[in-house]
Each structure stands twice: as structure tokens, then as C-alpha cells.
Amino acid sequence: MFAEGWFFFEKYAKIYGSERSSAASAEKGTVIRMNLDKIIALGNGVTVFRDGEKSVKVFVGNPGAGNLLSEAMKQAVMYESGIAVPRVREVACADGVRAIVSDYAAGVTLGTLIGKSRTEVSDCAAQLVGFQRKMHEKSSAMLPDVAERLYAALRHPELPQSFAADAAGAADMIAALPYSMRRICHGKLSPDNLIADDCGKLTATGCGDAFSGYPALDAAITYGRSLCLYGGTFAEEYLKVRCETADPIDDGVLKCGIAIAFAGVGSDNRKKLLGMI
């Protein structure tokens with residue numbers, strides 16, 4: 001499928017070295033100037049560069065070869081399953097710098113298209129639901145189970161114990177889900193990692209949390225992430241559109257998804273989410 005490539009990485013290491021302090025400042029919330037021809041995204045512990053038709057996701061610090069290969073494997077499994085994600089070209093390491101090199105996905109995120117008008121919100125929600133439903137038609141035994149991640153999220157020290165208790169029964173049900181009912185799930189799909197090109201074709205990025213499991217849980221994670229990143233208006237519209245095209249999400253499952261989303265965002269967004277649940 002792919003192999004860890006130890007190739008000539010000087011160009012990326014040089015770019016990373018010159019921008020490393022800026023990336024660290026950005027993680028602390030400092031406003032910095034960026035060369036947008038090189039950096040295309042800053043995330044939690046990662047900086048993503050564009051190099052022509054390639055996207056280079058550089059990991060800040062040392063994530064470990066196992067974590068790096070795990071994320072690349074998940075992305076490759078989704079790609080080979082026919083899901084619209086960038087093709088993994090190489091996994092690279094040089095001078096302590098680790099990166100995943102993929103095809104560059106041109107376009108803008110759905111998050112940038114969400115405006116104040118109800119029409120734009122509805123259209124973006126419908127596109128997100130449509131992409132997710134097609135993904136949930138696929139299955140793969142090569143993706144990990146979500147149970148460990150789910151139980152860890154419910155034990156998060158900042159999550160109210162009463163909220164976690166309400167989700168406990170649903171968590172046990174999800175963990176015991178037969179393999180025949182498990183489908184490919186992105187694990188953190190939301191408007192910020194779904195890219196629309198000029199023709200409207202959608203591509204999902206950020207596949208490091210993908211799992212094989214319950215589609216309704218994946219939708220609940222999307223709802224939780226949308227709540228804190230885009231507010232209640234978009235999140236509720238997403239949930240409404242999703243429930244119009246699939247069975248309603250059980251309240252316990254919804255809480256499980258919110259808990260996973262809660263554990264996966266920064267402290268400011270966790271505070272925001274606490275005020276909404």
C-alpha cells in the first residue's frame with residue numbers, strides 16, 4: 001500500500017526549520033504572518049505545506065513512527081476504499097522531522113463557505129451529510145475500533161461526570177457493535193476538513209482519527225465539532241438534514257459523539273462546548 005520512505009528531505013526540513021517558531025507561536029494563539037504559498041494549514045501539532053501538486057503534513061515535535069504510519073495507513077485505506085481523500089505518496093523522516101506526503105487537494109473548505117444566510121448554511125450541511133453518507137456505505141477491517149478512544153473521552157477530567165454517565169450505556173452498545181454493522185468513519189469530519197474544488201467535488205482531509213464503527217457515532221462527532229467550531233445554527237442544521245436522510249441519533253450516542261469531539265479540541269473550544277451541552 002505504501003512504505004516509510006527515507007528520502008532526500010532537505011527542502012521540507014529547511015522550510016520547517018524557518019517556520020518552526022512561527023508555528024509554535026500560532027499554537028499559542030499569537031497572530032503571525034505566513035507565506036501562504038508555502039503554509040496551507042496550521043493545526044494541533046502539525047504544519048501543512050503545499051509543494052506543487054503535493055501536500056506535506058509536517059509533525060511538530062516527535063509523534064513517533066508508529067503514530068505517523070497509523071495516520072498514513074488510515075488515509076490510504078480510505079483512499080483505496082473509494083472515499084475521496086488525498087492519495088498518500090510517501091511517509092518521510094529526516095533529521096528528526098516526520099511528514100506525510102499526499103496529493104494536494106485544491107479548493108476551499110466548506111467552513112469558509114458558511115455565511116450568515118440560511119441558504120448557505122443549509123447547502124453546506126447538505127453537502128457534508130451527502131459526503132458522510134457515501135463514506136458510511138464502505139467498510140474495512142483494516143481500520144481500528146473506536147472503543148478505547150470513546151471510553152477515554154468519557155473519562156476526560158473536564159467532562160461533567162453526569163454527562164459521561166448518561167452516555168455510558170450507549171458507549172457499551174457501540175463497543176459491542178458486530179463487525180458486520182461497522183462502517184468506515186472519518187472520526188472528526190466537519191466543515192474545516194472537507195474541501196470543495198471549483199466543480200464542487202468534495203475531498204476530506206485529516207484522516208488520523210478514522211475508525212471502523214457505528215455511522216451514527218461518526219455523525220454525532222461531526223455534530224459536536226460543528227457546535228464548538230461553527231456554532232449552534234450550523235450544527236443544528238446539520239443534525240436536521242442528517243436525520244431527514246437516516247434514522248434519528250439516540251441521545252446516548254449523541255452524547256458519546258460530543259464527548260469524543262470535546263476531547264479532541266483545544267481548551268477554548270472545550271469551554272465553549274461546555275456552555276452548549
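Strand β3 (residues 46-51) pairs with β4 in the antiparallel sense over 6 bridges; strands count as paired if DSSP finds at least two bridges between them. Helices (H or I, at least four residues) and strands (E, at least two) are DSSP runs, numbered from the N terminus. This is a predicted model, in which local features need pLDDT of at least 70, side-chain atom pairs count only at pLDDT 80 or more, and totals for chains, interfaces and linings use all residues. Residues are numbered from 1 along each chain as its sequence is written, and side-chain values use heavy atoms, with hydrogens and water left out.

**Around strand β4**

Let's stay with the hairpin of β3 and β4 for a moment. It has 2 residues between the strands, and G52 takes a positive phi near 65° there. D51 stands opposite K54 in β4. On to the pairing of β4 with strand β6 (residues 97-103): this is antiparallel too, over 6 bridges, and K57 stands opposite I100 in β6. Strand β4 (residues 54-59) is mostly covered, with 5 of its 6 residues buried; buried means under 20% relative accessible area, exposed over 50%, and partly exposed in between (1.4 Å probe, protein chains only).

D103 is found in strand β6. Between D103 and K54 there are 49 residues in sequence but 4.6 Å in space, C-alpha to C-alpha. Leaving out residues up to four places away in sequence, D103 touches E53, S55, P86, R87 and R89, where a contact means heavy atoms within 4.5 Å.

**An open sheet**

Elsewhere, 3 strands form an open sheet in the order β7-β9-β10, with antiparallel pairing. Its edge strands are β7 (108-109) and β10 (202-204), each of which pairs on one side only. Strand β9 (residues 194-196) is joined to β10 by 3 bridges in the antiparallel sense, and the bridge partner of I195 in β10 is T203.

**Individual residues and their exposure**

| Residue | Relative accessibility | Class |
|---|---|---|
| G82 | 55% | exposed |
| M276 | 37% | partly exposed |
| C243 | 27% | partly exposed |
| C207 | 1% | buried |

G82 lies in the loop between α2 (65-80) and β5 (88-94). The C-alpha atoms of G82 and M135 are 8.5 Å apart, although 53 residues separate the two along the chain.

M276 sits in the segment after α9 (267-274). Together with L274 and I277, M276 makes a nonpolar surface patch of about 220 Å². Patches are made of residues with over 30% relative accessible area and no salt bridge, where like charges are joined within 9 Å and nonpolar side chains (Val, Leu, Ile, Met, Phe, Trp, Tyr) within 5 Å. A salt bridge is a side-chain nitrogen of Lys or Arg within 4 Å of a carboxyl oxygen of Asp or Glu.

How many disulfides does the structure hold? There are 0, taking a disulfide as a pair of cysteine sulfur atoms within 2.5 Å.

**The whole chain**

The chain has 9 helices and 11 strands. Of its 277 residues, 47% are buried. Among contacts between residues at least 6 apart in sequence, 70% join residues at least 24 apart. The accessible surface comes to about 13400 Å², and 51% of this belongs to carbon and sulfur atoms; accessible areas come from the Shrake-Rupley method with a 1.4 Å probe, and for residues only the protein chains shown count as cover.
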